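Please keep the sequence and the structure in view while reading.

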Amino acid sequence: MRRQYSLYAIGALSLAAIAFVPASAADNAAVQEKAAVCSGCHGENGISQTENIPSLAGQPDQFLQWQLVFFRAGSRKNEQMQPIAEEITNEDVRNLGAYFAAMTPPKAAEDKDPDMSKKGAQVAVGRRCASCHTDSFAGTKAVARLAGQREEYLVKALHDYKAGQRVGGGVAAMADVAYHMSEEEITAVAHYLAHFN
């Protein structure tokens, strides 16, 4: 518990230091060059075409910044992200957050299983997903956008929260929600959110 608190404190201090410096324009060449590294996994224009890799386009700026800080501090783990995050500066964090937040989010694919979406909508209401992620599931501030996200990535994220393997902002709320979800509920809500328009 003490170690987890220390990692949160490091992340909070890092983000606080970032917040006091105004973000520069996210369309300059240096930012695009840094973002090009991201597109290898997260896709052109921030829309992932790779299984279990999230789309970044349209995610809230603060949410993206926090995730980069968590990866950089080592509180959030990922073999591909760790070495990249360790090399980015506070300015990079601000610029990349603004860059991807300004992109058009992915459009939901045609829902070929509306019955599954109906079940997922019931789960989302029952678990009060909109209370943090907003009624449009577009996220806000440090809360992730869920609408149109890759379905299998949403399943993975919920499994990670349920198993206590995912840390970061809102982890207590998400762990509590995910821990009590059945496999059927996870599958249904991920389907619903991935196809939410």
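**Basis of the description**

The model is predicted: local features need pLDDT of at least 70, side-chain atom pairs count only at pLDDT 80 or more, and totals for chains, interfaces and linings use all residues. Residues are numbered from 1 along each chain as its sequence is written, and side-chain values use heavy atoms, with hydrogens and water left out.

**The chain as a whole**

The chain contains ten helices and zero strands. Helices (H or I, at least four residues) and strands (E, at least two) are DSSP runs, numbered from the N terminus. The chain has 197 residues, of which 43% are buried. Buried means under 20% relative accessible area, exposed over 50%, and partly exposed in between, with a 1.4 Å probe and protein chains only. The accessible surface of the chain is about 10900 Å², and carbon and sulfur atoms account for 56% of this surface. Such areas come from the Shrake-Rupley method with a 1.4 Å probe; for residues, only the protein chains shown count as cover. Among contacts (heavy atoms within 4.5 Å) between residues at least 6 apart in sequence, 73% join residues at least 24 apart.

**The nonpolar core**

A nonpolar core is a set of buried Ala, Val, Leu, Ile, Met, Phe, Trp, Tyr and Cys residues joined through side-chain atoms within 4.5 Å. The largest one holds 40 residues, and F100, F137, L158, V189 and L193 touch the most other members. Two or more residues come from each of α2 (29-42), α3 (61-73), α4 (81-86), α5 (90-101), α6 (114-126), α8, α9 (171-179) and α10 (183-194). Helix α10 gives the largest share of this core, six residues. Leaving aside residues up to four places away in sequence, L193 touches F137, L146, A147, G148 and L154.

**Helix α3**

Helix α3 has 13 residues and reaches 18 Å from its first C-alpha to its last, close to the 18 Å expected at 1.5 Å a residue. The expected span is 1.5 Å times one less than the number of residues. The buried residues in α3 are F63, L64, Q65, Q67, L68, V69, F70 and F71. Just after α3, G74 takes a positive phi of about 85°.

**Aromatic pairs**

How many aromatic pairs does the structure hold? The structure holds five. Rings of Phe, Tyr and Trp (its six-membered ring) pair if their centres lie within 6.5 Å; planes under 30 degrees apart count as stacked, over 60 as edge-to-face and the rest as tilted. Two of the pairs are set out here.

| Pair | Arrangement | Centre to centre | Angle between planes |
|---|---|---|---|
| W66 and F70 | stacked | 5.2 Å | 25° |
| F137 and Y192 | edge-to-face | 5.9 Å | 85° |

W66 and F70 both lie in helix α3, four residues apart, about one turn of the helix. W66 is partly exposed because its relative accessibility is 21%, whereas F70, at 2%, is buried. F137, Y192 and F196 form one aromatic cluster.

**Cysteines**

A disulfide is a pair of cysteine sulfur atoms within 2.5 Å, and by this rule the count is zero. For C41, the nearest cysteine sulfur is that of C38, 8.9 Å away. C41 is partly exposed, with a relative accessible area of 36%. For C132, the nearest cysteine sulfur is that of C129, 8.9 Å away. C132 is partly exposed as well, with a relative accessible area of 42%.

**Loop residues**

Most residues other than glycine have a negative phi. N45, which is not a glycine, has a positive phi of about 55°. N45 lies in the loop between α2 and α3 and is exposed, with a relative accessible area of 55%. K141, also not a glycine, has a positive phi of about 50°. K141 lies in the loop between α7 and α8 and counts as exposed at 59% relative accessibility.

Is A144 buried or exposed? A144 counts as buried because its relative accessibility is 13%. A144 is placed in the loop between α7 (130-133) and α8 (151-162). Apart from residues up to four places away in sequence, A144 touches Q59, P60, F63, H133, A138 and G139. A144 and G58 are 86 residues apart in sequence and 9.6 Å apart in space, C-alpha to C-alpha.
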